[in-house]
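Visitor: Please take me through the ligand site. I would like a close look at that one part.

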Amino acid sequence: MSLGTPERPLRVAIIGAGPSGFYAAEALFKSDKTLTVDMYEKLPVPFGLVRSGVAPDHQKIKNVTKVYEKIASNPAFQFFGNVTIGKDITVEELKTFYDALIFTSGASSDRRLGIPGEDLAGSHTATEFVAWYNGHPEYRDRVFDLSQETAVIIGQGNVAIDVCRILSKSVDELKKTDIAKHALEALAESKIKDIYMIGRRGPAQAAFTPQEAKELGELEICDSLVNPRDMQLGPVCEAELQLADKAHNRKNMEILRALAEKGETGKARRLHVEFFYSPVELRGEGRLQEVVLERNALSGEAGKQKASGTGEKRVLPCGLLFRSVGYKGQAMPGVPFHESWGVFPNEKGKIENGLYVAGWIKRGPSGVIGTNKPCSYETVESLLADLDALPACATPHTAAVLELLHKRQVRVVSFEDWRKIDAAEIAKGQEVGKPREKFTSVADMLSVLNSAEVAVGV
Ligand code: NAP
(Lines give C-alpha, C1' and ligand atoms only; values in the text may rest on other atoms or scores of the structure.)
Protein backbone atom coordinates (compact mmCIF):
# COMPACT_ATOMS: atom_id res chain seq x y z
CA MET A 1 0.00 0.00 0.00
CA SER A 2 1.43 3.42 -0.93
CA LEU A 3 2.20 5.80 1.90
CA GLY A 4 0.46 9.17 1.83
CA THR A 5 -2.85 7.83 0.52
CA PRO A 6 -6.28 7.66 2.18
CA GLU A 7 -5.75 3.86 2.46
CA ARG A 8 -2.43 4.32 4.25
CA PRO A 9 -1.82 7.90 5.44
CA LEU A 10 1.81 8.88 5.91
CA ARG A 11 2.62 9.00 9.63
CA VAL A 12 5.12 11.67 10.66
CA ALA A 13 6.42 12.47 14.14
CA ILE A 14 7.97 15.87 14.74
CA ILE A 15 10.28 16.10 17.74
CA GLY A 16 10.31 19.63 19.16
CA ALA A 17 7.43 22.14 19.33
CA GLY A 18 9.31 25.30 18.42
CA PRO A 19 8.92 27.39 15.23
CA SER A 20 10.71 24.94 12.93
CA GLY A 21 8.50 22.09 14.17
CA PHE A 22 5.32 24.03 13.43
CA TYR A 23 6.58 25.17 10.01
CA ALA A 24 7.40 21.53 9.17
CA ALA A 25 3.83 20.55 10.14
CA GLU A 26 2.49 23.39 8.01
CA ALA A 27 4.54 22.28 5.00
CA LEU A 28 3.28 18.71 5.40
CA PHE A 29 -0.35 19.85 5.61
CA LYS A 30 0.10 21.96 2.47
CA SER A 31 1.21 18.89 0.48
CA ASP A 32 -1.28 16.83 -1.53
CA LYS A 33 -0.61 13.71 0.57
CA THR A 34 -2.90 12.19 3.15
CA LEU A 35 -0.96 12.26 6.39
CA THR A 36 -0.97 12.70 10.14
CA VAL A 37 1.46 14.68 12.28
CA ASP A 38 2.19 13.92 15.93
CA MET A 39 4.36 16.58 17.57
CA TYR A 40 6.45 15.60 20.59
CA GLU A 41 7.70 18.09 23.18
CA LYS A 42 9.63 17.58 26.40
CA LEU A 43 7.75 20.35 28.24
CA PRO A 44 3.97 20.28 28.73
CA VAL A 45 3.85 23.58 26.82
CA PRO A 46 4.62 24.28 23.13
CA PHE A 47 6.46 27.01 21.17
CA GLY A 48 10.08 26.41 22.16
CA LEU A 49 12.20 29.55 21.94
CA VAL A 50 9.18 31.78 21.25
CA ARG A 51 8.18 31.04 24.84
CA SER A 52 11.59 30.47 26.45
CA GLY A 53 13.96 32.52 24.30
CA VAL A 54 12.29 35.63 22.87
CA ALA A 55 12.79 38.45 25.36
CA PRO A 56 9.75 39.31 27.52
CA ASP A 57 9.89 42.95 26.37
CA HIS A 58 9.46 41.77 22.77
CA GLN A 59 5.83 40.71 23.14
CA LYS A 60 4.90 41.48 19.55
CA ILE A 61 7.31 38.84 18.24
CA LYS A 62 5.42 36.30 20.34
CA ASN A 63 2.23 36.92 18.35
CA VAL A 64 3.61 34.44 15.83
CA THR A 65 2.17 31.72 18.09
CA LYS A 66 -1.23 32.54 16.56
CA VAL A 67 0.07 31.04 13.31
CA TYR A 68 1.18 27.93 15.20
CA GLU A 69 -2.21 27.63 16.95
CA LYS A 70 -3.83 27.59 13.54
CA ILE A 71 -1.51 24.85 12.29
CA ALA A 72 -2.27 22.84 15.44
CA SER A 73 -6.00 23.10 14.77
CA ASN A 74 -5.64 20.83 11.72
CA PRO A 75 -7.56 17.61 12.55
CA ALA A 76 -4.54 15.56 11.42
CA PHE A 77 -2.36 17.19 14.11
CA GLN A 78 -1.79 15.83 17.60
CA PHE A 79 0.39 17.28 20.38
CA PHE A 80 2.34 15.00 22.71
CA GLY A 81 3.56 17.41 25.38
CA ASN A 82 5.49 16.31 28.48
CA VAL A 83 7.17 13.45 26.60
CA THR A 84 10.97 13.22 26.59
CA ILE A 85 12.43 11.35 23.65
CA GLY A 86 15.21 9.06 24.85
CA LYS A 87 13.64 8.76 28.31
CA ASP A 88 9.90 8.14 27.97
CA ILE A 89 10.21 6.64 24.49
CA THR A 90 13.28 6.00 22.33
CA VAL A 91 13.95 6.96 18.73
CA GLU A 92 14.03 3.24 17.85
CA GLU A 93 10.54 2.82 19.37
CA LEU A 94 9.21 5.90 17.55
CA LYS A 95 10.35 4.35 14.26
CA THR A 96 7.94 1.46 14.87
CA PHE A 97 4.98 3.89 15.06
CA TYR A 98 5.94 6.44 12.38
CA ASP A 99 7.13 6.27 8.77
CA ALA A 100 9.26 9.40 9.18
CA LEU A 101 10.69 11.43 12.05
CA ILE A 102 11.56 15.12 11.77
CA PHE A 103 13.85 16.42 14.50
CA THR A 104 13.33 20.09 15.34
CA SER A 105 14.85 20.02 18.80
CA GLY A 106 16.82 23.28 18.45
CA ALA A 107 20.11 24.15 20.09
CA SER A 108 19.65 24.20 23.84
CA SER A 109 23.28 24.06 24.92
CA ASP A 110 25.94 26.76 24.51
CA ARG A 111 29.35 27.21 22.92
CA ARG A 112 32.28 27.58 25.31
CA LEU A 113 35.01 30.21 25.38
CA GLY A 114 37.71 27.73 26.37
CA ILE A 115 39.55 30.13 28.73
CA PRO A 116 40.79 29.67 32.32
CA GLY A 117 38.22 30.49 34.99
CA GLU A 118 35.22 30.02 32.69
CA ASP A 119 33.39 27.95 35.30
CA LEU A 120 34.00 30.24 38.30
CA ALA A 121 30.89 31.07 40.34
CA GLY A 122 29.46 34.28 38.88
CA SER A 123 30.26 33.26 35.29
CA HIS A 124 27.15 32.04 33.47
CA THR A 125 25.92 31.34 29.98
CA ALA A 126 23.43 33.76 28.47
CA THR A 127 21.26 30.72 27.71
CA GLU A 128 20.80 30.06 31.44
CA PHE A 129 19.88 33.66 32.18
CA VAL A 130 17.48 33.89 29.24
CA ALA A 131 15.74 30.63 30.20
CA TRP A 132 15.58 31.81 33.83
CA TYR A 133 13.92 35.17 33.14
CA ASN A 134 11.56 33.45 30.70
CA GLY A 135 10.45 30.95 33.35
CA HIS A 136 11.75 27.72 31.79
CA PRO A 137 11.14 25.00 34.43
CA GLU A 138 14.69 23.62 34.19
CA TYR A 139 16.23 27.02 34.92
CA ARG A 140 13.88 28.70 37.36
CA ASP A 141 16.04 27.84 40.37
CA ARG A 142 19.23 29.39 38.97
CA VAL A 143 20.69 32.19 41.06
CA PHE A 144 22.43 35.24 39.59
CA ASP A 145 24.23 37.61 41.91
CA LEU A 146 22.53 40.88 41.06
CA SER A 147 24.05 42.55 44.13
CA GLN A 148 27.11 43.20 41.94
CA GLU A 149 27.57 46.68 40.46
CA THR A 150 29.22 45.53 37.24
CA ALA A 151 28.06 42.87 34.78
CA VAL A 152 29.96 41.83 31.66
CA ILE A 153 28.43 40.20 28.60
CA ILE A 154 30.79 38.52 26.14
CA GLY A 155 29.51 38.55 22.55
CA GLN A 156 27.52 41.03 20.49
CA GLY A 157 24.68 39.05 18.95
CA ASN A 158 20.99 39.63 19.54
CA VAL A 159 21.03 37.34 22.57
CA ALA A 160 23.73 39.51 24.16
CA ILE A 161 21.58 42.59 23.45
CA ASP A 162 18.55 40.88 25.04
CA VAL A 163 20.56 40.16 28.19
CA CYS A 164 21.87 43.75 28.30
CA ARG A 165 18.36 45.16 27.92
CA ILE A 166 16.90 43.02 30.68
CA LEU A 167 19.76 44.05 33.01
CA SER A 168 19.44 47.71 32.11
CA LYS A 169 15.68 48.16 32.26
CA SER A 170 13.77 49.36 35.30
CA VAL A 171 11.16 47.23 37.01
CA ASP A 172 8.52 49.62 35.65
CA GLU A 173 9.65 48.82 32.13
CA LEU A 174 9.58 45.06 32.77
CA LYS A 175 6.55 44.56 34.99
CA LYS A 176 4.03 44.72 32.14
CA THR A 177 5.79 41.97 30.18
CA ASP A 178 5.48 38.21 30.62
CA ILE A 179 8.82 38.03 32.46
CA ALA A 180 8.77 35.28 35.10
CA LYS A 181 7.71 36.47 38.55
CA HIS A 182 10.88 35.19 40.24
CA ALA A 183 13.02 37.11 37.74
CA LEU A 184 11.08 40.35 38.16
CA GLU A 185 11.46 40.09 41.94
CA ALA A 186 15.21 39.44 41.70
CA LEU A 187 15.75 42.21 39.14
CA ALA A 188 13.82 44.64 41.36
CA GLU A 189 16.67 44.28 43.89
CA SER A 190 19.41 44.61 41.25
CA LYS A 191 22.39 46.83 42.17
CA ILE A 192 23.89 46.68 38.72
CA LYS A 193 25.07 50.07 37.48
CA ASP A 194 27.58 49.29 34.75
CA ILE A 195 27.03 46.73 32.02
CA TYR A 196 29.75 45.97 29.47
CA MET A 197 28.90 44.27 26.18
CA ILE A 198 32.21 43.13 24.75
CA GLY A 199 32.78 42.27 21.08
CA ARG A 200 35.92 40.62 19.77
CA ARG A 201 35.67 42.43 16.43
CA GLY A 202 34.62 45.97 15.49
CA PRO A 203 31.35 47.89 15.11
CA ALA A 204 31.21 47.05 11.40
CA GLN A 205 31.15 43.32 12.26
CA ALA A 206 28.70 43.38 15.19
CA ALA A 207 26.30 40.42 14.89
CA PHE A 208 23.23 42.18 16.32
CA THR A 209 20.57 43.58 13.98
CA PRO A 210 19.61 47.28 13.61
CA GLN A 211 16.19 46.98 15.23
CA GLU A 212 17.80 45.59 18.37
CA ALA A 213 20.67 48.11 18.26
CA LYS A 214 18.17 50.96 18.02
CA GLU A 215 16.50 49.89 21.26
CA LEU A 216 19.78 50.52 23.09
CA GLY A 217 19.23 54.23 22.58
CA GLU A 218 15.71 54.10 24.00
CA LEU A 219 16.34 52.75 27.50
CA GLU A 220 14.64 54.77 30.23
CA ILE A 221 17.20 54.52 32.99
CA CYS A 222 20.34 53.52 31.11
CA ASP A 223 22.74 55.40 28.83
CA SER A 224 24.26 53.30 26.06
CA LEU A 225 27.84 54.40 25.51
CA VAL A 226 30.02 53.89 22.46
CA ASN A 227 33.60 55.14 22.26
CA PRO A 228 33.86 57.53 19.25
CA ARG A 229 37.41 56.25 18.68
CA ASP A 230 36.01 52.80 17.78
CA MET A 231 33.83 54.39 15.10
CA GLN A 232 36.85 55.44 13.02
CA LEU A 233 37.16 52.61 10.55
CA GLY A 234 40.17 51.49 8.55
CA PRO A 235 39.98 51.02 4.76
CA VAL A 236 39.21 47.27 4.94
CA CYS A 237 36.23 47.83 7.23
CA GLU A 238 35.02 50.67 4.99
CA ALA A 239 35.26 48.33 1.98
CA GLU A 240 33.47 45.60 3.93
CA LEU A 241 30.53 47.89 4.63
CA GLN A 242 30.08 48.44 0.89
CA LEU A 243 29.48 44.70 0.28
CA ALA A 244 25.98 43.85 -0.93
CA ASP A 245 25.13 41.60 2.03
CA LYS A 246 26.17 44.15 4.67
CA ALA A 247 23.06 46.33 4.73
CA HIS A 248 22.39 45.60 8.40
CA ASN A 249 26.00 46.40 9.32
CA ARG A 250 25.72 49.77 7.55
CA LYS A 251 22.55 50.52 9.50
CA ASN A 252 24.20 49.36 12.73
CA MET A 253 27.05 51.82 12.08
CA GLU A 254 24.59 54.72 11.76
CA ILE A 255 22.94 53.79 15.05
CA LEU A 256 26.24 53.26 16.87
CA ARG A 257 27.61 56.59 15.56
CA ALA A 258 24.52 58.36 16.92
CA LEU A 259 25.09 56.72 20.32
CA ALA A 260 28.76 57.71 20.27
CA GLU A 261 27.79 61.32 19.55
CA LYS A 262 25.09 61.41 22.21
CA GLY A 263 27.37 60.24 25.03
CA GLU A 264 26.38 60.12 28.68
CA THR A 265 23.24 61.92 29.84
CA GLY A 266 23.41 61.05 33.55
CA LYS A 267 21.02 58.08 33.70
CA ALA A 268 21.28 55.69 36.65
CA ARG A 269 22.84 52.83 34.65
CA ARG A 270 25.40 52.70 31.86
CA LEU A 271 25.74 50.16 29.08
CA HIS A 272 29.26 50.25 27.64
CA VAL A 273 29.29 48.81 24.13
CA GLU A 274 32.95 47.90 23.63
CA PHE A 275 34.73 46.57 20.57
CA PHE A 276 38.03 44.83 19.74
CA TYR A 277 38.41 42.90 23.02
CA SER A 278 38.46 39.17 23.79
CA PRO A 279 38.33 37.68 27.29
CA VAL A 280 41.48 35.64 27.94
CA GLU A 281 40.98 34.75 31.61
CA LEU A 282 38.37 34.98 34.34
CA ARG A 283 39.93 35.40 37.79
CA GLY A 284 38.79 35.38 41.40
CA GLU A 285 39.18 33.70 44.79
CA GLY A 286 36.42 31.10 44.79
CA ARG A 287 34.19 33.31 42.66
CA LEU A 288 34.54 35.69 39.76
CA GLN A 289 36.19 39.01 40.62
CA GLU A 290 37.70 40.20 37.37
CA VAL A 291 37.96 39.47 33.68
CA VAL A 292 41.21 39.89 31.77
CA LEU A 293 40.60 41.30 28.30
CA GLU A 294 43.06 41.40 25.43
CA ARG A 295 42.92 44.08 22.76
CA ASN A 296 42.43 42.65 19.27
CA ALA A 297 43.41 43.74 15.79
CA LEU A 298 41.57 42.63 12.67
CA SER A 299 43.19 40.96 9.70
CA GLY A 300 42.01 39.33 6.48
CA GLU A 301 40.00 40.46 3.50
CA ALA A 302 36.82 42.55 3.66
CA GLY A 303 33.90 40.40 4.81
CA LYS A 304 36.16 37.72 6.31
CA GLN A 305 38.12 39.66 8.87
CA LYS A 306 39.27 37.80 11.96
CA ALA A 307 40.30 39.13 15.36
CA SER A 308 43.61 38.25 16.95
CA GLY A 309 45.23 39.40 20.18
CA THR A 310 47.75 42.24 20.20
CA GLY A 311 49.18 41.32 23.61
CA GLU A 312 47.77 44.51 25.19
CA LYS A 313 45.77 43.47 28.27
CA ARG A 314 43.29 45.20 30.51
CA VAL A 315 41.65 44.01 33.72
CA LEU A 316 37.98 44.75 34.26
CA PRO A 317 36.65 44.11 37.79
CA CYS A 318 33.27 42.37 37.66
CA GLY A 319 31.33 39.87 39.74
CA LEU A 320 28.82 38.74 37.14
CA LEU A 321 29.54 37.63 33.60
CA PHE A 322 27.44 36.11 30.83
CA ARG A 323 28.96 34.23 27.90
CA SER A 324 26.76 34.93 24.90
CA VAL A 325 28.81 33.44 22.08
CA GLY A 326 26.20 31.25 20.42
CA TYR A 327 24.03 28.25 21.13
CA LYS A 328 24.91 24.63 20.37
CA GLY A 329 22.73 21.63 19.52
CA GLN A 330 22.73 18.50 21.65
CA ALA A 331 23.01 14.86 20.65
CA MET A 332 20.03 12.51 20.82
CA PRO A 333 20.53 8.76 21.31
CA GLY A 334 19.83 6.94 18.04
CA VAL A 335 20.53 9.93 15.75
CA PRO A 336 23.88 10.77 14.07
CA PHE A 337 25.46 13.90 15.57
CA HIS A 338 28.25 16.22 14.43
CA GLU A 339 29.95 16.99 17.73
CA SER A 340 31.86 20.17 16.86
CA TRP A 341 29.12 21.75 14.73
CA GLY A 342 26.38 20.71 17.18
CA VAL A 343 24.00 19.60 14.42
CA PHE A 344 22.52 16.38 13.02
CA PRO A 345 24.47 15.95 9.74
CA ASN A 346 22.06 16.20 6.83
CA GLU A 347 21.61 16.94 3.15
CA LYS A 348 18.78 19.47 2.67
CA GLY A 349 17.24 18.22 5.90
CA LYS A 350 17.62 14.50 5.18
CA ILE A 351 19.72 12.52 7.66
CA GLU A 352 18.85 9.13 6.15
CA ASN A 353 15.69 7.49 4.80
CA GLY A 354 12.99 8.11 7.41
CA LEU A 355 15.04 10.56 9.54
CA TYR A 356 14.91 14.31 8.85
CA VAL A 357 15.89 17.50 10.63
CA ALA A 358 14.94 21.20 10.52
CA GLY A 359 15.75 24.44 12.35
CA TRP A 360 18.84 25.14 14.47
CA ILE A 361 19.63 21.44 14.93
CA LYS A 362 19.81 21.23 11.10
CA ARG A 363 21.75 24.37 10.18
CA GLY A 364 23.19 25.75 13.44
CA PRO A 365 21.94 28.58 15.68
CA SER A 366 21.42 31.43 13.25
CA GLY A 367 18.61 33.50 11.87
CA VAL A 368 15.37 34.89 13.20
CA ILE A 369 12.11 32.98 13.74
CA GLY A 370 11.02 33.41 10.10
CA THR A 371 14.28 31.88 8.83
CA ASN A 372 12.94 28.54 10.05
CA LYS A 373 10.05 28.54 7.61
CA PRO A 374 12.01 27.99 4.37
CA CYS A 375 14.35 25.71 6.31
CA SER A 376 11.47 23.43 7.39
CA TYR A 377 9.84 23.56 3.96
CA GLU A 378 13.09 22.37 2.36
CA THR A 379 13.21 19.45 4.81
CA VAL A 380 9.62 18.43 4.07
CA GLU A 381 10.39 18.57 0.35
CA SER A 382 13.27 16.13 0.92
CA LEU A 383 10.97 13.88 2.97
CA LEU A 384 8.21 13.83 0.36
CA ALA A 385 10.73 13.12 -2.41
CA ASP A 386 11.63 9.95 -0.48
CA LEU A 387 8.04 8.82 -0.04
CA ASP A 388 8.32 5.67 -2.14
CA ALA A 389 11.53 4.65 -0.42
CA LEU A 390 10.39 5.18 3.18
CA PRO A 391 10.39 2.14 5.43
CA ALA A 392 6.67 1.88 6.37
CA CYS A 393 6.35 1.53 10.13
CA ALA A 394 5.17 -1.71 11.73
CA THR A 395 2.42 -0.23 13.95
CA PRO A 396 0.77 2.70 12.19
CA HIS A 397 -1.51 3.68 15.09
CA THR A 398 -1.28 6.71 17.37
CA ALA A 399 -3.49 4.94 19.91
CA ALA A 400 -0.72 2.34 20.31
CA VAL A 401 1.86 5.03 21.16
CA LEU A 402 -0.51 6.58 23.67
CA GLU A 403 -1.09 3.18 25.25
CA LEU A 404 2.66 2.59 25.57
CA LEU A 405 3.22 6.01 27.16
CA HIS A 406 0.26 5.47 29.45
CA LYS A 407 1.74 2.15 30.59
CA ARG A 408 4.94 4.04 31.38
CA GLN A 409 2.91 6.47 33.46
CA VAL A 410 3.68 9.45 31.27
CA ARG A 411 1.03 12.18 31.54
CA VAL A 412 0.79 13.13 27.86
CA VAL A 413 -0.37 16.73 27.44
CA SER A 414 -2.63 17.27 24.43
CA PHE A 415 -3.12 20.56 22.59
CA GLU A 416 -6.50 20.86 24.27
CA ASP A 417 -4.68 20.50 27.62
CA TRP A 418 -2.21 23.21 26.57
CA ARG A 419 -5.13 25.53 25.84
CA LYS A 420 -6.24 25.12 29.48
CA ILE A 421 -2.72 25.90 30.75
CA ASP A 422 -2.60 28.87 28.36
CA ALA A 423 -5.94 30.23 29.62
CA ALA A 424 -4.86 29.82 33.26
CA GLU A 425 -1.58 31.68 32.60
CA ILE A 426 -3.36 34.53 30.83
CA ALA A 427 -5.90 34.81 33.66
CA LYS A 428 -3.12 34.88 36.28
CA GLY A 429 -1.32 37.55 34.26
CA GLN A 430 -4.43 39.73 34.03
CA GLU A 431 -4.55 39.96 37.82
CA VAL A 432 -1.20 41.77 37.81
CA GLY A 433 -1.37 43.63 34.49
CA LYS A 434 0.86 41.21 32.54
CA PRO A 435 0.04 39.45 29.25
CA ARG A 436 0.54 36.16 31.10
CA GLU A 437 2.04 34.83 34.30
CA LYS A 438 3.88 31.68 33.27
CA PHE A 439 3.84 28.51 35.29
CA THR A 440 7.49 27.80 35.92
CA SER A 441 7.32 24.20 37.08
CA VAL A 442 6.03 21.13 35.28
CA ALA A 443 4.06 20.18 38.41
CA ASP A 444 2.24 23.55 38.37
CA MET A 445 1.47 23.18 34.66
CA LEU A 446 0.06 19.70 35.20
CA SER A 447 -1.89 20.74 38.30
CA VAL A 448 -4.02 23.02 36.08
CA LEU A 449 -5.07 19.92 34.18
CA ASN A 450 -5.70 17.88 37.28
CA SER A 451 -7.97 20.56 38.72
CA ALA A 452 -9.74 20.94 35.34
CA GLU A 453 -10.27 17.18 35.29
CA VAL A 454 -11.71 17.23 38.81
CA ALA A 455 -13.97 20.14 37.86
CA VAL A 456 -15.53 18.21 34.99
CA GLY A 457 -15.59 14.97 36.98
CA VAL A 458 -13.10 13.02 34.83
P1 NAP B 1 25.18 35.24 17.12
O2 NAP B 1 24.32 36.21 16.44
O3 NAP B 1 25.87 34.21 16.31
O4 NAP B 1 26.29 36.10 17.95
C5 NAP B 1 27.34 35.48 18.61
C6 NAP B 1 28.32 36.54 19.11
O7 NAP B 1 29.33 35.88 19.84
C8 NAP B 1 29.03 37.31 17.99
O9 NAP B 1 29.23 38.63 18.41
C10 NAP B 1 30.36 36.57 17.90
O11 NAP B 1 31.41 37.36 17.39
C12 NAP B 1 30.60 36.28 19.36
N13 NAP B 1 31.58 35.21 19.59
C14 NAP B 1 31.54 33.93 19.12
N15 NAP B 1 32.59 33.25 19.60
C16 NAP B 1 33.29 34.10 20.39
C17 NAP B 1 34.47 33.97 21.16
N18 NAP B 1 35.14 32.82 21.23
N19 NAP B 1 34.90 35.05 21.84
C20 NAP B 1 34.23 36.23 21.79
N21 NAP B 1 33.11 36.41 21.08
C22 NAP B 1 32.65 35.34 20.39
O23 NAP B 1 24.41 34.40 18.24
P24 NAP B 1 23.26 34.76 19.29
O25 NAP B 1 23.35 36.12 19.81
O26 NAP B 1 23.31 33.61 20.26
O27 NAP B 1 21.92 34.64 18.43
C28 NAP B 1 21.57 33.42 17.77
C29 NAP B 1 20.57 33.73 16.66
O30 NAP B 1 19.31 34.10 17.24
C31 NAP B 1 21.00 34.89 15.79
O32 NAP B 1 20.68 34.63 14.45
C33 NAP B 1 20.17 36.04 16.32
O34 NAP B 1 19.92 37.07 15.38
C35 NAP B 1 18.89 35.33 16.71
N36 NAP B 1 18.16 36.12 17.71
C37 NAP B 1 17.28 37.04 17.25
C38 NAP B 1 16.62 37.86 18.13
C39 NAP B 1 15.68 38.90 17.60
O40 NAP B 1 15.31 38.84 16.43
N41 NAP B 1 15.29 39.88 18.38
C42 NAP B 1 16.84 37.75 19.49
C43 NAP B 1 17.74 36.79 19.96
C44 NAP B 1 18.41 35.98 19.03
P45 NAP B 1 31.94 37.17 15.87
O46 NAP B 1 30.96 37.93 15.02
O47 NAP B 1 33.28 37.77 15.90
O48 NAP B 1 31.93 35.70 15.57
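**The ligand and its shell**

Guide: A nitrogen atom of the ligand sits 2.8 Å from a side-chain N or O atom of E212. That is a polar contact, meaning a pair of N or O atoms within 3.5 Å. R201 places a polar side-chain atom 2.8 Å from a ligand oxygen atom. S324 uses its backbone: an N or O atom there lies 3.5 Å from an oxygen atom of the ligand. On its own the ligand has 920 Å² of accessible area, and the protein covers 80% of that (Shrake-Rupley method, 1.4 Å probe).

This is a predicted model: local features need pLDDT of at least 70, side-chain atom pairs count only at pLDDT 80 or more, and totals for chains, interfaces and linings use all residues. Residues are numbered from 1 along each chain as its sequence is written, and side-chain values use heavy atoms, with hydrogens and water left out.

Now the shell. It holds 22 residues, and the closest are N158, R200, R201, E212 and G367 (a residue is near if one of its heavy atoms lies within 4 Å). By class, nine are nonpolar, eight polar and five charged. Helix α7, residues 158–168, gives the most, with three residues. Domain 1 (10–108 + 329–413) and domain 2 (112–325) each supply at least three; these bounds come from an automatic or database assignment.

Last, the record. An unreviewed UniProt entry annotates a "binding site" at Q156, G157, N158, V159, R200, R201, E212 and G367. Such annotations may be inferred rather than shown by experiment. G157 lies in the loop between β7 (150–154) and α7. G157 counts as buried because its relative accessibility is 18%, and buried means under 20%.

Definitions and conventions: Polar contact = N/O pair within 3.5 Å; in protein donor to acceptor, adjacent residues only side chain to side chain. Helix = DSSP H or I, 4+ residues; strand = E, 2+ residues; numbered from the N terminus. Nonpolar A, V, L, I, M, F, W, Y, C, P; charged D, E, K, R; others polar. Buried < 20%, exposed > 50% of the residue type's maximum accessible area, 1.4 Å probe, protein only.
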